[in-house]
Amino acid sequence: GETRTFQLHLPADYDCTPRPVVLGLHGYYGSGKGFEESTAKMFQKIEDAGYIGVFPDGLAMDSHGWKAQVTSFNDIDSHESDGPDGATCTGNAYDYDVYTNCPAEESDDACNWGTSCADDEGFLRALLAEVGTGWSVAEDQIYLTGFSQGGQTTQSLAWRLADLLAAAAPHHGFAANGYTAAPESPLSLFQVWGISDRT
């Protein structure tokens, strides 16, 4: 029931031959356009490589006030407070507030740290289906990447979307402790984060 938006990058040499697709997820407060053009600066790289780029926008926390500026995806696992490997946040975790599309009880626990509760797995599946219908896609070359909260979502959704993806590369964001699972089909994973990052 949500209206969703995204930025599409078709390379200048697009000629209806099957092309690889890179799907990029922005970080907290970000946008698809900002991810492609500023955060990742992917425009020229995917243009030169002849990739189709798809850069969705996360949903806003609310429709008015400062919360209208807060955007994120639902990485699913950030709504869990105590994972199989222990607590997913510290006792003094910052309270990010709760999305209007989340259950009210999320406000009872700061570990539920303020990401959307939308069905973003379903959204990404529908988005890839839409792209595959409108343009010629190399179905064995679909890649998912993201930065910060988008990186967290990338890792959290990659194993769930392994039937569609060839590889995933989360950057500076990873799934809640204890929630990553092995995909049911082979999936390459390249992860970048700093060993001194305690956030």
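A: Let's begin with a pair of strands: β8 (residues 137-147) and β9 run parallel and are joined by five bridges. Strands pair when DSSP finds at least two bridges between them. Strands here are DSSP runs (E, at least two residues) and helices are DSSP runs too (H or I, at least four residues), numbered from the N terminus.

Before going on, a word on the model: it is predicted, so local features need pLDDT of at least 70 and side-chain atom pairs count only at pLDDT 80 or more, while totals for chains, interfaces and linings use all residues. Residues are numbered from 1 along each chain as its sequence is written, and side-chain values use heavy atoms, with hydrogens and water left out.

Back to β9, which covers residues 167-171. Four of its five residues are buried, so the strand is mostly covered. Buried means under 20% relative accessible area, exposed means over 50%, and partly exposed is in between (1.4 Å probe, protein chains only). β9 also pairs with strand β10 (residues 188-189), in the parallel sense, over two bridges. There, A168 has L189 in β10 as its bridge partner.

Next, step back to the loop between α3 (120-134) and β8, where you'll find S136. Leaving out residues up to four places away in sequence, S136 touches Y14, C16, T17, P18, R19 and I52. Contact means heavy atoms within 4.5 Å. Look at C16 in that list: its backbone oxygen lies 3.2 Å from a polar atom of the S136 side chain. For a polar contact, the pair must be N or O atoms within 3.5 Å; within protein, one must be able to donate a hydrogen and the other to accept it, and residues adjacent in sequence count only if both atoms are side-chain atoms. C16 itself is exposed, at 57% relative accessible area.

And the disulfide? The structure holds one, joining C102 to C117 with 1.9 Å from S to S; the cut-off is a pair of cysteine sulfur atoms within 2.5 Å. C102 is buried at 11%, whereas C117 is partly exposed at 23%.
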